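Colleague: Good morning. May I put some questions to you while we look at this protein together?

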Amino acid sequence: MISRKLEFKVAEQVWPLDKPFRIARGIRTEARVVVVTVNDGDHAGHAEAVPCKRYGQTVESTMAQLEQIFPRMETSGNRQQLQELLCAG
């Protein structure tokens, strides 16, 4: 197996909702989304998530956490290592 340097990109995107989302606490018309791209030179993968306010997550805290762990995964990243580096939640 050839080890390749992985490139990680983390960005925030704002996605408008098709219809307003209404609950007792308020109305949302857009979603603030964290988007991650992983590239090994031949293949690219993309993922997105909306941090959960209920668990104290924000776009900023989520992006900061990801940016701290990605340098540790640049040449040998795998799912198990990612799970070990991420905190619960």
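**Contacts and strands**

Colleague: To begin with the aromatic rings, how many aromatic pairs are there?

Modeller: The count comes to one aromatic pair. Rings of Phe, Tyr and Trp (its six-membered ring) pair if their centres lie within 6.5 Å; planes under 30 degrees apart count as stacked, over 60 as edge-to-face and the rest as tilted.

Colleague: Which residues form the pair?

Modeller: Phenylalanine 8 and phenylalanine 70 do, and their rings are stacked, with 4.1 Å from centre to centre and 10 degrees between the planes. The pair connects distant parts of the chain, 62 residues apart: phenylalanine 8 belongs to strand β1, while phenylalanine 70 sits in the loop between α1 and α2 (79-85).

Colleague: Where does all this come from?

Modeller: This is a predicted model, in which local features need pLDDT of at least 70 and side-chain atom pairs count only at pLDDT 80 or more, whereas totals for chains, interfaces and linings use all residues. Residues are numbered from 1 along each chain as its sequence is written, and side-chain values use heavy atoms, with hydrogens and water left out.

Colleague: How much of the protein counts as buried?

Modeller: Of its 89 residues, 19% count as buried.

Colleague: Changing topic, what is the order of helices and strands?

Modeller: The protein has two helices and three strands, and along the sequence they follow the pattern β-β-β-α-α. Helices (H or I, at least four residues) and strands (E, at least two) are DSSP runs, numbered from the N terminus.

Colleague: How do β1 and β2 run against each other?

Modeller: They run antiparallel and are joined by 13 bridges. Two strands pair if DSSP finds at least two bridges between them. The two strands form a hairpin with two residues between them, and isoleucine 23 stands opposite glycine 26 in β2.

Colleague: And how many bridges join β2 to β3?

Modeller: Six bridges join β2 to strand β3 (residues 44-49), and this pair also runs antiparallel. Asparagine 39 has alanine 44 in β3 as its bridge partner.

Colleague: What lies in the turn between β2 and β3?

Modeller: β2 and β3 make a hairpin with four residues between them, and glycine 41 in the turn has a positive phi of about 100 degrees.

Colleague: Which strand holds valine 33?

Modeller: Valine 33 lies in strand β2. The C-alpha atoms of valine 33 and alanine 49 are separated by 5.7 Å, although the two residues are 16 residues apart along the chain.

Colleague: Why does valine 33 count as buried?

Modeller: Because its relative accessible area is 2%, valine 33 is buried.

Colleague: Now the charged side chains. How many salt bridges does the structure hold?

Modeller: The structure holds three salt bridges. A salt bridge is a side-chain nitrogen of Lys or Arg within 4 Å of a carboxyl oxygen of Asp or Glu. One of them brings together the side chains of lysine 9 and glutamate 7, at 3.6 Å from N to O. Glutamate 7 is partly exposed, since its relative accessibility is 43%.

Colleague: What does arginine 32 do with glutamate 12?

Modeller: Their side chains meet in a salt bridge, at 2.6 Å from N to O. This pair links distant parts of the chain, with arginine 32 in strand β2 and glutamate 12 in strand β1, 20 residues apart.

Colleague: And what about arginine 32 and glutamate 60?

Modeller: The side chains of arginine 32 and glutamate 60 also meet in a salt bridge, with an N to O distance of 2.7 Å. Arginine 32 lies in strand β2 and glutamate 60 in helix α1 (residues 59-69), so this pair ties together parts that are 28 residues apart in sequence.

Colleague: Which residues make up the network of salt bridges, then?

Modeller: Glu12, Arg32 and Glu60 are linked in that network.

Colleague: How accessible are its members?

Modeller: Arginine 32 is partly exposed, because its relative accessible area is 35%. Glutamate 12, with a relative accessible area of 34%, is partly exposed, and glutamate 60, at 47% relative accessibility, counts as partly exposed too.

Definitions and conventions
Buried < 20%, exposed > 50% of the residue type's maximum accessible area, 1.4 Å probe, protein only.
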